[in-house]
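Subject: Structure for you to look at

Hello,

Please open the structure below and keep it in view while you read. My notes on it follow.

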Amino acid sequence: MYYYIFDIKKCKKRSVVADIKNHLAALGISGEYTYPSTAYTTEELIDLGISKKYNTIVGIGDDMIANAIASKLVGLPEAMGFIPIEASSDLCQLIGTSSWREAANNLRFRKIAEMKVGRLADGSVFLTSIELDLKNPTEITMELKDCMIQGKAANFQIANYNPLIRKIGEDWLDIVFQTVDPKESGFLSKISSMLGFGKEGQNDISLIRARSLRLFTSAQIPILAHGNVVAKTPQFIECSDENLRLIVGKKKI
Amino acid sequence: MENSIDTVIGINVTVKGNLYNKGSIQVNGSVEGEVKSDENIMVGETAKIKGPVIASKVEVSGEVRGLVEAKDKLEINPTGKIFGDINAHSLIIKEGALFVGKSVMPSKEGAANETKSEPEPVGNEAKKEEAKDEKDSDKLGFFSKK
């Protein structure tokens, strides 16, 4: 019934793997344990689990394995479980716990939340957020359904779930970015802002909601999910039409 | 305007096209197109909008060139500038604000009360005094004719 995929890079301590297995056995929800290797990638293991008719695929690791499993399971009846090890705080909040023990307990209670996910052009998805790897402020252009938005961004994030942002609808992505004045990005302006002559307190944060967008940058920029490059600009990003069935904590809605 | 903001267009951001949201919108950057909300629209001091602004409540502290339609209330703050017609059930224009256009205030009976505003530089006290004489009820002096 349960198909477990351990991210061995995040499970460096053998004792942790053994502890998790023992705890799952004690809960009565042990199943098939697998590990990505040169023989089978994470994606191939997920396909294998689905083909073996397991109804719950559980990832053990960080955001990358969670996103990999979500990419395969979105729109399918199989449920996704997740036991966090070195996962982002946003993902831990999404599933309702940062403790692997509590997450394992939640698997047994099997409370399922149906949720949308963010999706990139290649079909890979993100449960929480992605961001642009901006070393310097960069011109960005977003094409939305009815408008085009431009600015020189210093920070840029697209969130499917960010606990700091109130969602207005489950099928909307939240786009948050910080811009700089394109005329004042030179050396002198940097010095003036360092000396306190900058225009502090101005509203340089933007928050846009969109179901889908096309993102362009003046130079090709990597797109990161939890610090890992998942794509590059230009990119099409959308909220999925289908739901993911994710096992969450008892307190999560 | 106590409701939380759903969409924020920051300073240094340019929007071309129509911006529509059921929730509140705050604009601090530039928009060329229609800005429409079912709730509130706040036009910040640094904002420049070329196009219609339509919402339940509209608060203007920046510049709008186009129709401003507020189903409930329109407030033009001292830094606010509107070059275009306004249509509001309730209207507040604060001292220092600039409004050039035609004002329509629909009454409860459905009939519209129309007022016209001629282009007038802010701070032209002489013209303001003339306007004051013409219409005592227009204390701010932005509506010279009825």
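In chain A, α1(A) and α5(A) are roughly parallel to each other, because their angle falls in that class (under 35 degrees counts as roughly parallel, over 145 as roughly antiparallel, 65 to 115 as roughly perpendicular and the rest as oblique). Helix α1 covers residues 14–27 and helix α5 residues 100–109. Their axes come within 10 Å and cross at roughly 30 degrees. Axes here are lines fitted to C-alpha atoms, for helices over the stretch in contact, and angles run from 0 to 180 degrees between N-to-C directions.

Two residues are in contact if their C-beta atoms, placed from the backbone, lie within 7 Å. The residues of this contact divide into 5 nonpolar, 2 polar and 2 charged (Ala, Val, Leu, Ile, Met, Phe, Trp, Tyr, Cys and Pro count as nonpolar, Asp, Glu, Lys and Arg as charged, and the others, Gly among them, as polar).

Some background on the file. This is a predicted model, in which local features need pLDDT of at least 70 and side-chain atom pairs count only at pLDDT 80 or more, while totals for chains, interfaces and linings use all residues. Residues are numbered from 1 along each chain as its sequence is written, and chains are lettered from A and ligands numbered from 1 in the order in which they are written.

Chain A as a whole: it has 6 helices and 17 strands (DSSP runs, H or I of at least four residues for helices and E of at least two for strands, numbered from the N terminus). The C-alpha trace of chain A spans about 65 × 40 × 40 Å along its principal axes. Of its 253 residues, 39% are buried (20 or more other C-beta atoms within 10 Å of the residue's own; exposed means 12 or fewer, and partly exposed lies in between, with C-beta atoms placed from the backbone). Among contacts in chain A with a separation of 6 or more, 70% are between residues 24 or more positions apart.

Strand β1 of chain A (residues 2–6) is mostly covered, with 4 of its 5 residues buried. β1(A) pairs in the parallel sense with β3(A) over 5 bridges, and Tyr2(A) stands opposite Thr56(A) in β3(A). Strands pair if DSSP finds at least two bridges between them. β1(A) also pairs in the parallel sense with strand β2 (residues 32–34) over 3 bridges; there Tyr4(A) has Tyr33(A) as its bridge partner.

Is Lys53(A) buried or exposed? Lys53(A) counts as exposed because it has 9 C-beta neighbours inside 10 Å. It is found in the loop between α2 (42–51) and β3 (56–61) of chain A. Its C-alpha atom is 9.8 Å from that of Tyr2(A), 51 residues apart along the chain.

Chain B has 1 helix and 15 strands, and 42% of its 146 residues count as buried. In chain B, residues 24 or more positions apart account for 9% of the contacts with a separation of 6 or more. Strand β14 (residues 98–106) of chain B pairs in the parallel sense with β12 (residues 81–83) over 3 bridges, where Lys81(B) is partnered by Leu98(B). Strand β13 (residues 86–93) of chain B also runs parallel to β14(B), joined by 2 bridges, and there Ile86(B) has Ser103(B) as its bridge partner.

Regards
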